[in-house]
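Subject: Structure handover

Hello,

Here is the structure for you to look over. My notes on what was found in it follow below.

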Number of protein chains: 2
Amino acid sequence: MANSASGESMIARVVRVIDTFGVDRTVQTASEIGRRAGLPSSTAHRIIDELVDEGLLERDLEHRVRLGTRLWELALRGSTALRLRQAALPHMESVQAELREHTQLAVLERDEALFLERLSHPDAVSNITRVAGRLPLHASSSGLVLLAHADPALRERVLEGPLRAVGPNTITDPAVLRRALAEIRRSGFVSAPGSIEAVSTGVAVPLRDRGEVVAALSVVLPREAPVEPALVALRDAAARSEADLRDDAPLTRQ
Amino acid sequence: MANSASGESMIARVVRVIDTFGVDRTVQTASEIGRRAGLPSSTAHRIIDELVDEGLLERDLEHRVRLGTRLWELALRGSTALRLRQAALPHMESVQAELREHTQLAVLERDEALFLERLSHPDAVSNITRVAGRLPLHASSSGLVLLAHADPALRERVLEGPLRAVGPNTITDPAVLRRALAEIRRSGFVSAPGSIEAVSTGVAVPLRDRGEVVAALSVVLPREAPVEPALVALRDAAARSEADLRDDAPLTRQ
């Protein structure tokens, strides 16, 4: 219904409009949105007008457009992402207070690690992740944990590559990656020095709901820092988050 | 374009579908969604199918529907709400660590206070707010601060009422509310004992970006607790958040 001449649905075109916004692009003109979304100008303007009417986009006095707080509310209010994040947040704060390094929560979303939360410390090491940002599964410590516990079909798809090198020590050999994933399942954690950036080591553990891995908890350490204290703190935070999830309704895909 | 027989746009119908989800309703059947959205069953099913195709909704193995993580990502990634929250979060953590009470960040959204963040403490007093939850402007301490600094037209609309009593001490008299708002603008804070719940006092201060009030920072104290330490902590956190916003791009509606 409501398909364009190209057969694309109205909802697909709305997604293309909203997808033009990003961390470094929070305000755009309607023309910029149309160009970036690859939509005819009249179509883009009509969709933007409707989204503004519903509060999903907002216009400023100079007619520039930004994402609406109403969109934020609709997306979060009933989301399992928010509930998972609320269960983990107090325990992530404890990890961050103890280690004074970036502490992160990630989930698997469309073959990538999507970061639901990131607590930062002013003195912490460099870190490229952001809330609502993504990293490749094979390169980030969070992604490796999620991939190790993912559906086998997804795992095989990622193993088929290409496995792009992000940092100097990113695993790019499928056979090495397969062994690393088996080792993560056995040991229950990963330490990935230099996989994203030369100066840092990602350490991640799985977070389970009713036995199923639903997220990864991670910290980013300076390359030379000891891994063991971080691992102890992460495992404790994961266990406490899991206990809070058990007291709550289930979050797993059933 | 793509309007239904009732003249309602496709986007308006999508909003009605997503709006059926909430904090206590994260999983629904397609039929429940259709009924709650007031849409014909065939229309609801078609919209849900399209939203699932785009990842904005997700289906579990029992064909029940939940909000998609992709929707969460699209709504957050480029949002000013996220940027405001990221600027305030470290300083909210300091407030919470010192006071050990609920610490909250709220913005004005469609004539209500919408809560962008809430940090809780296990020992803290009762508190009904939730992330992505709303409270009336005249009843919550955050709402009172936002209302005091809101556009005069909005303020007059709220003053015209009705001013519903939420707690035993909610201001329901327009003349009293008008004086209270003037006092908030003069003093730069509000303390609202019993306005939401008999057992608690909300304390809130404004948070400015380039001189304009864009949010309220608040804590919920036990009714008998002293207000002064909370006020000092909140003002300090607001000043630090404002400094971090200055270092960032502007958030105000220009």
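**Backbone, interface and symmetry**

A:R100 is found in the loop between α5 and β3 of chain A; helices (H or I, at least four residues) and strands (E, at least two) are DSSP runs, numbered from the N terminus. A:R100 has a positive phi of about 60° although it is not a glycine.

This is a predicted model, in which local features need pLDDT of at least 70 and side-chain atom pairs count only at pLDDT 80 or more, while totals for chains, interfaces and linings use all residues. Residues are numbered from 1 along each chain as its sequence is written, chains are lettered from A and ligands numbered from 1 in the order in which they are written, and side-chain values use heavy atoms, with hydrogens and water left out.

The peptide bond from A:G161 to A:P162 is cis, with omega near 5°. A:P162 lies in the loop between α7 (152-159) and α8 (174-187) of chain A. In chain B, the bond from B:G161 to B:P162 is also cis, with omega near 5°. For background, most residues other than glycine have a negative phi, and most peptide bonds are trans.

On the interface: 65 residues of chain A are in contact with 65 residues of chain B (contact means heavy atoms within 4.5 Å). The two chains bury about 6000 Å² between them, 59% of it on carbon and sulfur atoms; buried area is the accessible area (1.4 Å probe) that two parts lose on being put together, summed over both.

The rule finds eight salt bridges across the interface of chain A and chain B (a side-chain nitrogen of Lys or Arg within 4 Å of a carboxyl oxygen of Asp or Glu). B:R85 forms a salt bridge with A:E117, and their closest N and O atoms are 2.3 Å apart. Among the elements that each supply at least two residues of the side of chain A that touches chain B are α1 (10-18), α5 (80-99) and β4 (112-119).

Chain A can be laid on chain B with an RMSD of 0.0 Å by a turn of 180° and a shift of 0.0 Å along the axis (least squares on the C-alpha atoms of residues with pLDDT of at least 70 in both). The two copies are therefore related as by a two-fold rotation axis. The same surface serves both copies, as 100% of the contact residues of chain A recur in chain B.

Regards
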